[in-house]
Amino acid sequence: MTTNLPEKFRELEQWSAWFLETERERHDKRAQSTMEDLRAFHAALTPKMEELIQYLSAIEWGAPLSDEDRNLFHLGLSYMEAAVPIDLKWKSPAAEDSFPVERLEKMPVR
Amino acid sequence: MPNGINGDLTGIDFHLDVKDLFTEETYQRDIDEIFKKSWLAVAHDYDLPNPGDFKTRKLPGLNYNVLITRGKDGKIRAFHNICRHRGNMLVCKAQGTSRQGFSCSYHGWTYNIDGTVKGITDREQFPPYGNEALGLAEIRCEVRHSFIFLNFDDDAEDLDSWLGELAPPNLYEGFFQNFHSTGHYTTTIRANWNLIMDAFSEAYHTMFVHKNTATDYLGGADNKMRHVPAMDIWRLHARHATAANPAHKWADVETLAYRHTARAFPSFDSNSDGLPPGVDFGKLEHWAFDIVKLFPNLIMLTGRDWFIEGYTWPSAANESVYEWNIYLRNPTTYGERVAQEFSYIIAREIACEDLFLLEKQQDALESGAVTEYFLSFQELIVAQHYRSRAHMLSTAKG
């Protein structure tokens, strides 16, 4: 499995630990991160997110993806998972006074 | 009584004593007299698009395992998932397609997709029982608004009568079929099923419970207490609309996401043009979404380009299985799908806030130290739930 990204997103390849396929994996990665980790990831990706979405908007939903494009897609999904605690100004990667996501026995595979 | 509330409120009590809710005896009565006699939504017909498609599922509490099929005639049918020979579970797969029908792994009895028995191994060795009697045990099954409803009581009223004002097929015409299915979330919560239904039946809690996800999404300057602008209370079911806050402050990630896909939450698209009459039924200027309560155990949230369904299945006197599913429109591109992820994540986090308090409330009420509810008009659908319960339980007695 490659950890490459499409040419113009090469600088984001250092975030390959976030190339995660399922919501469960992306959530668990968020939960195991510190707020500093999340802030660093968020800060690195935020300036590139508009371009990332536009790049992937040229690919019709359901069309087969190259490995590089699939990595970029999963990275974009991970950004949305990680951005919620940051942009909503939480004190920790999980919201306080919230039912633990870990207790969801079944989560979407996508 | 506030404006916008319609319906017959006879028999609805705002001061309730819930002390008997948590006993084994009540639990068993809830299963026997409510769940085994109500029309229960268990799946969608679009999950079984083609003849031969089937799915199986266990219904917690009722402990039934059901097999739902689409026959060669296109009809959806439901059966107890049990071989008639000696009671083996017939179909072990969660879903699939089988135009040839089903075969029991124990002694090889076979059934057609319509539930009739097809083949009995070494048939001559059996005394004559008659073919018809050996078909799968069928369950009353009807489809409406894409939901597959089952009823385990042969004497129960028909689905049209049960649904009442929610029965007309045009109410949600074309609505539920046009979404991207994402799979279920399921969790077991140590709380009685009635408490879970109560939690999702009112908007009064939103000022406090959603403090980390959606602080300002409802209400607005002219409706600070987030009063429900439209509500219908029917015999068993109910619905209400929620008012969007036009001054909702967008998070950066929300702005990014909703540049590339339809708004879901916590910002809303209030334009309901082209939607069927059941959606934005209140025709609100600042419409957020509708909440539809289908007694006993389904709450649906319907918005411009999304819907959420939540099912509460009692599994013990103090425990329930809660299943919910978030649907958004089919994405056109992978870029739009990335943007939609924001809606999925924020919806999941909002739901987790709703679920958070329930186990603590269960502990507190189960102690018996305090057992009363003091409800407001904004919690009318909570109060009505107990009238619907009483209706089912008294019908059973009588």
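Colleague: Which residues line the second largest cavity?

Modeller: In this predicted model, the second largest cavity is lined by B:His145, B:Phe147, B:Phe149, B:Leu163, B:Leu166, B:Tyr172, B:Leu294, B:Leu298 and B:Met300. Strands S12 (147-151) and S17 of chain B each supply at least two residues of that lining.

Colleague: Which residues lie nearest the centre of the largest cavity?

Modeller: B:Phe200, B:Phe289, B:Leu301, B:Ile350 and B:Asp354, out of 24 lining residues. Helix H6 of chain B gives the most to the lining of the largest cavity, with 4 residues. By type, the lining of the largest cavity has 17 nonpolar, 5 polar and 2 charged residues.

Colleague: Switching topic, how many residues are in contact between chain A and chain B?

Modeller: 41 residues of chain A are in contact with 42 of chain B. The area buried between the two chains is about 3800 Å², with 62% of that from carbon and sulfur atoms.

Colleague: How many salt bridges are there across that interface?

Modeller: The rule finds 7 between chain A and chain B. A:Arg26 forms a salt bridge with B:Glu341, and their closest N and O atoms are 3.1 Å apart.

Colleague: Which helices of chain A each supply at least two residues of the side that touches chain B?

Modeller: H1 (23-32), H2 (35-56) and H3 (67-87) of chain A do. H3(A) gives the most to that side, with 9 residues.

How values were computed: Residues are numbered from 1 along each chain as its sequence is written. Chains are lettered from A and ligands numbered from 1 in the order in which they are written. This is a predicted model: local features need pLDDT of at least 70, side-chain atom pairs count only at pLDDT 80 or more; totals for chains, interfaces and linings use all residues. Side-chain values use heavy atoms; hydrogens and water are left out. Contact means heavy atoms within 4.5 Å. Buried area is the accessible area (1.4 Å probe) that two parts lose on being put together, summed over both. A salt bridge is a side-chain nitrogen of Lys or Arg within 4 Å of a carboxyl oxygen of Asp or Glu. On a 1 Å grid over the protein atoms alone, a cavity is a set of points where a 1.4 Å probe fits but cannot get out, and a pocket is an open set with protein on both sides within 12 Å along at least five of seven lines; lining residues have an atom within 4 Å of a point. Ala, Val, Leu, Ile, Met, Phe, Trp, Tyr, Cys and Pro count as nonpolar, Asp, Glu, Lys and Arg as charged, and the others, Gly among them, as polar.
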